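Please study the sequence and the structure shown here. The paragraphs that follow lead from a pair of charged side chains to the surroundings of a ligand.

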Amino acid sequence: MRRIGLQLIAEKKAAILADSREKSSAAKDGVERKDVHGRDLLTLLIKANMASDIPESQRLTDDEVLALAGHETTSSATTWCLFSLAEHPDIQRKLREELLTMPTDSPTMDEIMSLPYLEMVVKEVMRYHSPVPMTNRVATKDDLIPLNKPFTDKRGQVHDSIPISKGDPVMIPILVINRSKALWGEDAHEFKPERWENTPEAISSIPGVWSHILSFLGGPRSCIGYRFSLVEMKALIFTLVRAFEFELAVPVTDIKKKSTIVQRPFLISEPKGGSQMPLIIKPYRPL
Ligand code: HEM
């Protein structure tokens, strides 16, 4: 994904430069912000970033452009999906059976989005693994956070809200809410795509922008890329799981999650090895 992502950025840059030279062969060399047309996110980002009238200090590197275009989050979500499929061969088989019912290797977006078990697997990956496990906000005014269930403090006083003051930091525990037993039931800590056939009433109170989970957050500053990301992830899983079988190449106890905004896999036995998820990948051959 990284190699192809950087290649796409290089190709877009070259095309933008060629286009701007053609339009103004006489006067200037380079792009100006007013030249920025084009509708897709990557073109807008690259054109704005290449404009000669923004200061050098405000420019993004190609790696930052790649991360911004959603590469980090979607690729780590896909990695955790392969991890769970490797850990649960029965779920992997059931998913492959569904994917192989599609008569083509290149389905349309609507065809990919119509596969019910793939939908459940992706929802469960996003709930269970929550690639962005938490985020923060700062209160802009004094306020009261209302509570679903009142709580009793050390002095025996009952509260039905939590007062916050202007400037207080507020941590939003995405992963904790996505795995709360009070909301999801006793099996909340298990990876179980089938739960999406019949979800508990309690989750309807979670104000997530998608599927009553907080993975893409909610409200006016929720993720703008979530639909794109779901299609991208489904297309990757569709292609990979139809063609290959996945097994973990190390004991599951050796894999741990570390969060640097996005949760990535590391090996306990190789603390200096960087982020990795060793898998044994075999071509799928039907019996
Ligand atoms: C699995 C994939 C993804 C996950 C889990 C994810 C998650 C999130 C979360 C939790 C936020 C809110 C962060 C905060 O305000 O603290 C967010 C914001 C955002 N996401 Fe995503 N994201 C994903 C993919 C993408 C993609 C593919 C794009 C772009 C194509 C994207 C673009 C954005 C943008 C621009 C914001 C900021 C929105 C705003 O502040 O108004 N995301 N994302």
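Helices here are DSSP runs of H or I with at least four residues, strands are runs of E with at least two, and both are numbered from the N terminus. The model is a predicted one, in which local features need pLDDT of at least 70 and side-chain atom pairs count only at pLDDT 80 or more, while totals for chains, interfaces and linings use all residues. Residues are numbered from 1 along each chain as its sequence is written, and side-chain values use heavy atoms, with hydrogens and water left out.

The term salt bridge stands for a side-chain nitrogen of Lys or Arg within 4 Å of a carboxyl oxygen of Asp or Glu. Side chains of opposite charge can pair when their charged atoms come close. Are Glu-124 and Arg-127 buried or exposed? Both residues are buried; a residue counts as buried under 20% relative accessible area, as exposed over 50%, and as partly exposed in between, with a 1.4 Å probe and protein chains only. Salt bridges with shared partners also join Glu-124 and Arg-127 to Asp-187, Lys-192 and Arg-195 in one network.

How many salt bridges are found in the whole structure? The search finds 14. One of them links Lys-13 with Asp-62, where the closest N and O atoms are 3.0 Å apart. Because Lys-13 lies in helix α1 (residues 2-23) and Asp-62 in helix α3, this pair ties together parts that are 49 residues apart in sequence. Lys-13 is partly exposed, at a relative accessible area of 29%, and Asp-62 is partly exposed at 29% relative accessibility. Glu-56 and Arg-59 also meet through their side chains in a salt bridge, with an N to O distance of 3.2 Å. Glu-56 counts as exposed, with 62% relative accessibility, whereas Arg-59 is partly exposed, with a relative accessible area of 23%.

Pro-55 lies in the loop between α2 (41-50) and α3 (62-68). Its relative accessibility of 39% means that Pro-55 counts as partly exposed. From Pro-55 to Pro-163 there are 108 residues in sequence and 43 Å in space, taken from C-alpha to C-alpha.

Attention now turns to the ligand. Which protein residue is a donor of the iron atom of the ligand? The only protein donor is Cys-223, through its SG atom at 2.3 Å. Donors are N, O and S atoms within 2.8 Å of the metal (3.2 Å for Na, K and Ca), and sites may look incomplete because water is not among the atoms. Cys-223 is located in the loop between α9 (181-184) and α10 (226-243), and at 33% relative accessibility Cys-223 counts as partly exposed. An unreviewed UniProt entry carries the annotation "binding site" for Cys-223; such annotations are given in the numbering used here with shortened feature names, and they may be inferred rather than shown by experiment.

The loop between α9 and α10 also holds Ser-211 and His-212. The phi angle of Ser-211 is near 55°, a positive value in a residue other than glycine. His-212, which is not a glycine either, has a positive phi of about 55°. With a relative accessible area of 34%, His-212 is partly exposed.

Around the ligand there are 21 residues, and the closest are Thr-135, Arg-137, Arg-221, Cys-223 and Ser-229. A residue is near a molecule or strand if one of its heavy atoms lies within 4 Å of it. The shell divides into 11 nonpolar, 8 polar and 2 charged residues. In this grouping, Ala, Val, Leu, Ile, Met, Phe, Trp, Tyr, Cys and Pro count as nonpolar, Asp, Glu, Lys and Arg as charged, and the others, Gly among them, as polar.

Oxygen atoms of the ligand come within reach of several side chains. An N or O atom in the side chain of Thr-135 is 2.3 Å from a ligand oxygen. For Arg-137, a polar side-chain atom lies 2.8 Å from an oxygen atom of the ligand, and for Arg-221 the distance from a side-chain N or O atom to a ligand oxygen is 2.7 Å. The elements that give two or more residues to the shell are α4 (71-87), β1 (135-138) and α10. Of these, α4 provides the largest share, 3 residues.

Terms used. A polar contact is a pair of N or O atoms within 3.5 Å; within protein, one must be able to donate a hydrogen and the other to accept it, and residues adjacent in sequence count only if both atoms are side-chain atoms.
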